[in-house]
Amino acid sequence: MNKNYYAVIMAGGIGSRFWPMSTKQFPKQFHDILGTGTSLIQQTSKRFEQIIPSENILIATNKDYQTLVKKHLPNIPTSNILLEPAMRNTAPCILYSALKIYNQNPDGIMIVAPSDHLIENESAFIDNIETSLKFCDDKDVLVTLGIKPTFPNTGYGYIKYIDSEETIKKVNSFTEKPNLEKAQEFLNDGRYLWNAGIFVWSVKSILQQFQLNLPKMFALFNSENSNYNTILEVNFINAIYETSENISIDFGIMEKATNVFVLPATFVWNDLGTWLSLYENLEKDKNQNATVGGKVIYNNANNNIVRTQNHKKVVIQGLNDYIVIEENDILLICPKNNEQDIKTIREQVKNKFGDNFV
């Protein structure tokens with residue numbers, strides 16, 4: 001394995017669209033959502049361990065999740081768990097990670113990826129990542145992985161590339177979540193990819209872009225550069241993090257930089273952002289019902305997703321196109337076409353029953 005290769009797994013989100021399973025105290029990346037026996041963050045880490053030395057895998061997460069990270073990833077050194085004292089989107093945690101790596105190894109090449117995505121065909125994933133790492137070895141470039149769209153999804157950002165014979169293509173533009181008409185145009189065009197939020201670059205290249213495009217943030221995190229990888233690091237981060245800009249890496253860097261490239265991915269990907277996205281990736285019975293956990297009898301019931309605790313026996317009678325989710329002492333029963341209301345429902349529960357339930 002190449003000692004210059006690093007992986008940063010972002011694991012600080014709450015996953016509110018996966019409520020009531022995903023809560024602030026126990027978010028979705030620490031759940032076995034797919035019923036495989038391993039959590040999403042464990043699957044992500046194992047994926048990277050095939051090509052990245054384990055001592056070079058960093059976890060960027062909320063300070064409240066340190067214990068959960070240690071429980072799920074006991075082989076990750078404590079010094080590799082980067083604790084964010086406040087939620088400030090993806091740009092600050094990526095800058096923090098890049099500076100930490102740079103101070104250890106200025107020749108580092110880093111992968112940045114979410115902790116909670118579904119990747120099928122892992123051999124293709126590894127091949128795509130290795131291709132991207134090699135591309136960044138001797139070039140001042142920022143690489144992102146794009147997914148060939150299969151339908152006009154309005155929930156993803158899109159990347160337009162300049163058509164060429166090259167495997168990794170120059171990016172023309174980024175578009176945030178489009179309306180249905182635009183999404184269909186993108187699908188028909190053939191030069192648009194879904195933005196998977198997986199990035200590869202040298203630490204030198206990304207730090208240069210922070211210095212150019214987010215100079216205040218760069219100056220803030222670089223103000224006491226010698227603190228990284230020392231006992232002073234945690235106190236330094238705690239002192240500055242909340243004053244940082246709250247901005248994504250896409251808005252802050254990727255949409256402004258001129259040296260951005262994209263690799264059209266050859267693996268199957270899903271961001272598992274919603275219950276319906278999970279439903280699409282689960283095995284179903286002859287009536288298109290999907291079950292996770294428990295044992296369910298479906299009578300005159302079609303197109304449902306039911307997730308409950310392993311020991312539960314459930315009977316679904318005369319129900320079609322519903323989401324039924326049990327988690328501890330919360331039960332959610334919601335029509336699939338009202339899935340977008342789950343965030344609002346979560347807020348109602350918070351207001352009526354308190355923070356312990358969200």
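This is a predicted model: local features need pLDDT of at least 70, side-chain atom pairs count only at pLDDT 80 or more; totals for chains, interfaces and linings use all residues.
Start with strand 1, residues 5–10. Strand 1 runs parallel to strand 2, and four bridges join them.

Strand 2 spans residues 57–62. Six of its six residues are buried, and the strand is mostly covered. Strand 2 also pairs with strand 3, residues 81–84. The sense is parallel here too, over four bridges. Ile59 has Ile81 in strand 3 as its bridge partner. To get from strand 2 to strand 3, the chain crosses through helix 2, residues 66–72. That β-α-β crossover is right-handed as well. In a regular strand, side chains alternate between the two faces of the sheet.

Now return to helix 1. How many of its 10 residues are buried? Eight are, so helix 1 is largely enclosed by the rest of the structure. Among them are Leu40, Ile41 and Phe48, but also Gln42, Gln43 and Arg47. What do these buried residues pack against? Their partners include strand 1, strand 2 and helix 2. Strand 4 (109–114), strand 5 (118–120) and helix 4 (122–137) are partners too.

The loop between strand 1 and helix 1 deserves a stop. Ser16 lies in this loop. Ser16 has a relative accessible area of 17%, under the 20% cut-off, so it counts as buried. Leaving aside neighbours within four places in sequence, Ser16 is in contact with Ile342, Lys343 and Arg346.

Four strands form an open sheet in the order 12-14-16-17, with mixed pairing. Strand 12 (290–292) and strand 17 (330–335) are the edge strands, each pairing on one side only. On average, neighbouring strands of this sheet are turned by 5° against each other, direction ignored. Strand 16, residues 322–327, runs antiparallel to strand 17, and six bridges join the two. Within that pair, Ile323 stands opposite Cys334.

Finally, the charges. Side chains of opposite charge can pair when their charged atoms come close. The structure holds 12 salt bridges. One of them joins Lys28 and Asp116, with the closest N and O atoms 3.5 Å apart. Lys28 sits in the loop between strand 1 and helix 1, and Asp116 in the loop between strand 4 and strand 5, so the pair ties together parts that are 88 residues apart in sequence. Are its two ends buried or exposed? Lys28 is buried, at 5% relative accessibility. Asp116 is buried too, at 14%.

Another salt bridge joins Lys204 and Asp107, at 3.4 Å from N to O. Lys204 is in helix 6 (residues 203–213), while Asp107 is in the loop between helix 3 (90–104) and strand 4, so this pair ties together parts that are 97 residues apart in sequence. Lys204 is partly exposed, with a relative accessible area of 43%. Asp107, at 45%, is partly exposed as well.

A third example is local. Lys182 and Glu185 form a salt bridge, their closest N and O atoms being 3.6 Å apart. Both residues lie in helix 5 (residues 180–189), three residues apart, about one turn of the helix. An α-helix has 3.6 residues a turn, so residues three or four places apart point the same way. Lys182 is partly exposed at 40% relative accessibility. Glu185 is partly exposed, also at 40%.

Key
Residues are numbered from 1 along each chain as its sequence is written. Side-chain values use heavy atoms; hydrogens and water are left out. Buried means under 20% relative accessible area, exposed over 50%, partly exposed in between (1.4 Å probe, protein chains only). Two strands pair if DSSP finds at least two bridges between them. A crossover is right-handed if, with the strands pointing away from the viewer, the path from the first strand over the helix to the second runs clockwise. Axes are lines fitted to C-alpha atoms, for helices over the stretch in contact, and angles run from 0 to 180 degrees between N-to-C directions. Contact means heavy atoms within 4.5 Å. A salt bridge is a side-chain nitrogen of Lys or Arg within 4 Å of a carboxyl oxygen of Asp or Glu.
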